[in-house]
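Here is a short briefing on one protein model. Look at the sequence and the structure first, then read on.

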Amino acid sequence: MSAHHKELLSDYLRKRHSVTKLVVHLVFTTKYRRKLFDGFMIEQLREAFESACEKLECNLLEMDGEEDHVHLLMAYPPKLAISVMVNNLKSVSSRRIRRLNTHVPRQSKSAALWSRSYFACSAGGATIETLKEYVQSQATPD
């Protein structure tokens, strides 16, 4: 394998029988879209997400947020369901924020920091149109 080819595959998760690069864009909103976060809390959330990612064997590629929501761009292994990842990320981050910021008011009787809903979208380096053109360009045998 050439050095150039190895460099192209360096971002991929290589296992015995598979090579994958699964990336998801996640958005979590606060309960009732309340404006709770400041810059310091966003950094606390980043640390919580990074900690959770280590345990889940994920890679937090990018993370930022505003007062009432956060965006995460994550690479994850094929064995991990997105719903499991979301639940883990939300629970770990919620516990950390509650522990470090006792001044944050409870948003509901359940004391939930996050809304139960979330946004998840697959993300990759190529558009769907580019992938369609590539698949269509394959030489079908006669």
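Which backbone oxygen does the side chain of S93 reach? The side chain of S93 reaches the backbone oxygen of K90, at 3.1 Å. This is a polar contact: a pair of N or O atoms within 3.5 Å, where, within protein, one must be able to donate a hydrogen and the other to accept it, and residues adjacent in sequence count only if both atoms are side-chain atoms.

The model is predicted: local features need pLDDT of at least 70, side-chain atom pairs count only at pLDDT 80 or more, and totals for chains, interfaces and linings use all residues. Residues are numbered from 1 along each chain as its sequence is written, and side-chain values use heavy atoms, with hydrogens and water left out.

**Overall layout**

- The protein has four helices and six strands. Both are DSSP runs numbered from the N terminus: helices are H or I with at least four residues, strands are E with at least two.
- Along the sequence, the pattern reads α-β-β-β-α-β-β-α-β-α.
- Of the 142 residues, 34% are buried. Buried means under 20% relative accessible area, exposed means over 50%, and partly exposed lies in between (1.4 Å probe, protein chains only).
- Take the contacts between residues at least 6 apart in sequence: 66% of them join residues at least 24 apart. Contact means heavy atoms within 4.5 Å.

**Confidence**

- The average pLDDT is 88, and 89% of the residues score at least 70. pLDDT is the predictor's confidence in each residue, from 0 to 100.
- Among the elements, α2 has the highest mean pLDDT, 96. Helix α1 (residues 3–8) has the lowest, 56.

**The nonpolar core**

- The largest nonpolar core holds 27 residues. Such a core is a set of buried Ala, Val, Leu, Ile, Met, Phe, Trp, Tyr and Cys residues joined through side-chain atoms within 4.5 Å.
- F49, V70 and M74 have the most contacts inside this core.
- Five elements each supply at least two of its residues: β3 (22–30), α2 (39–56), β4 (59–65), β5 (69–76) and α3 (82–100). The biggest share comes from α2, with seven residues.
- Leaving aside neighbours within four places in sequence, V70 is in contact with residues including L26, F37, L45, F49, M63 and W114.

**Aromatic rings around F28**

- The whole structure contains three aromatic pairs. Rings of Phe, Tyr and Trp (its six-membered ring) pair if their centres lie within 6.5 Å; planes under 30 degrees apart count as stacked, over 60 as edge-to-face and the rest as tilted.
- F28 and F49 form an edge-to-face pair, 6.1 Å centre to centre with 65° between the planes. F28 lies in strand β3 and F49 in helix α2, so this pair ties together parts 21 residues apart in sequence.
- Why does F28 count as buried? F28 counts as buried because its relative accessibility is 0%. F49 is also buried, at 0%.
- F28 and W114 form an edge-to-face pair too, 5.7 Å centre to centre and 65° between the planes. W114 is in strand β6 (residues 114–123), 86 residues from F28. W114 is buried.
- F28, F37, F49 and W114 make up one aromatic cluster.

**Charges over rings**

- The charged end of K90 sits over the ring of F28, 5.3 Å from its centre. A charge sits over a ring if NZ of Lys or CZ of Arg is within 6 Å of the ring centre and within 35 degrees of the ring normal.
- K31 lies over the face of Y32, 5.5 Å from the ring centre.

- S93 is in helix α3. S93 is buried because its relative accessible area is 0%. Leaving aside neighbours within four places in sequence, S93 is in contact with L45, A48, F49 and W114.
- D68 is in the loop between β4 and β5. D68 counts as buried, at 9% relative accessibility. A polar contact of 2.8 Å joins the side chains of D68 and H69.
- Is D64 buried or partly exposed? D64 is partly exposed, because its relative accessible area is 47%. D64 is in strand β4 and touches I42, V70 and H71, not counting residues up to four places away in sequence.
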